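Work through the exercises below with the sequence and the 3D structure at hand. Try each task before reading its solution.

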Amino acid sequence: MNEVVNGIARTGAELAVIARGTGADFARTFGIPKRFEDAVAVAAHGAPRTVDLGHASYRTWDGREGESYFANVASAGMSGAIARRANQTSKALGGKVSYLWAIFAVFAGWKSTVARVSVDGQTRTGPMHDVVVANGRYFGGGIMICPEAEPDDGRFDVLLIGDLSKRDLVLTLGKTYKGRHLPHPKAELLSGAQVEIDSAQALPVQLDGEQPGTTPIRFAVVPNALRLRAP
């Protein structure tokens with residue numbers, strides 16, 4: 001889906017989603033059904049809806065400057081490493097189990113990094129496990145990470161996740177699947193159209209589950225850049 005979005009962004013072409021991938025997270029935000037026949041019916045007869053995209057400028061794995069669009073959720077930090085770990089597995093047990101396994105495997109050896117995050121001029125600096133930049137609401141195989149994100153409001157929901165302990169993870173992870181994890185004493189939710197993330201140690205980045213590179217990274221909302229067939 002991410003590759004198709006990057007091919008048709010800002011062209012006026014309509015995207016229809018038949019969610020056969022691991023997470024189906026983009027489809028969840030829009031209520032696109034996962035059952036094949038129902039998804040085909042939406043693709044054929046759904047109403048076109050115009051939504052925003054995110055544009056990301058980052059450092060590629062070989063040190064060059066890269067840029068691409070994302071439609072759903074991007075992040076920098078632990079979830080970038082989790083996406084990479086999940087994509088290296090067979091995913092034979094399905095998206096949710098694959099991502100859960102990756103979460104615990106990565107968290108066991110992960111240490112928070114001091115990061116500097118700017119959201120429309122609001123700056124936060126401190127130890128963080130993750131910074132999530134959400135256009136949609138779900139990632140990681142059904143985690144409702146930003147329950148109030150709207151993909152057509154011209155803004156990102158930006159979730160700063162601080163220095164989590166193992167106890168924090170165990171007590172909170174289950175709540176994230178229902179979007180009941182906020183507010184949280186080790187998280188802060190911001191909103192804005194321009195986001196910059198940097199840190200002394202390069203952090204892995206994920207865009208719609210793809211892993212194109214690392215921080216430093218800049219995000220910008222591209223309003224009304226994608227036409228989508230939705231129920």
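**Exercise 1.** With which residue does Arg 35 form a salt bridge, and how far apart are the closest N and O atoms?

Solution. The model is predicted, so local features need pLDDT of at least 70, side-chain atom pairs count only at pLDDT 80 or more, and totals for chains, interfaces and linings use all residues. Residues are numbered from 1 along each chain as its sequence is written, and side-chain values use heavy atoms, with hydrogens and water left out. A salt bridge is a side-chain nitrogen of Lys or Arg within 4 Å of a carboxyl oxygen of Asp or Glu. The partner of Arg 35 is Asp 38, with the closest N and O atoms 3.1 Å apart.

**Exercise 2.** Find the salt bridge of Asp 25 and decide whether Asp 25 is buried or exposed.

Solution. Step one: the side chain of Asp 25 meets that of Arg 28 at 3.3 Å, N to O. Step two: buried means under 20% relative accessible area, exposed over 50%, and partly exposed in between (1.4 Å probe, protein chains only). Step three: Asp 25 counts as buried because its relative accessibility is 9%, whereas Arg 28, at 36%, is partly exposed.

**Exercise 3.** Describe the largest nonpolar core.

Solution. A nonpolar core is a set of buried Ala, Val, Leu, Ile, Met, Phe, Trp, Tyr and Cys residues joined through side-chain atoms within 4.5 Å. The largest one has 23 residues, and Val 132, Ile 143 and Ile 145 have the most contacts inside it. Its largest share, 5 residues, comes from α5. A second, separate core has 22 residues, including Val 133 and Leu 160.

Conventions:
Helix = DSSP H or I, 4+ residues; strand = E, 2+ residues; numbered from the N terminus.
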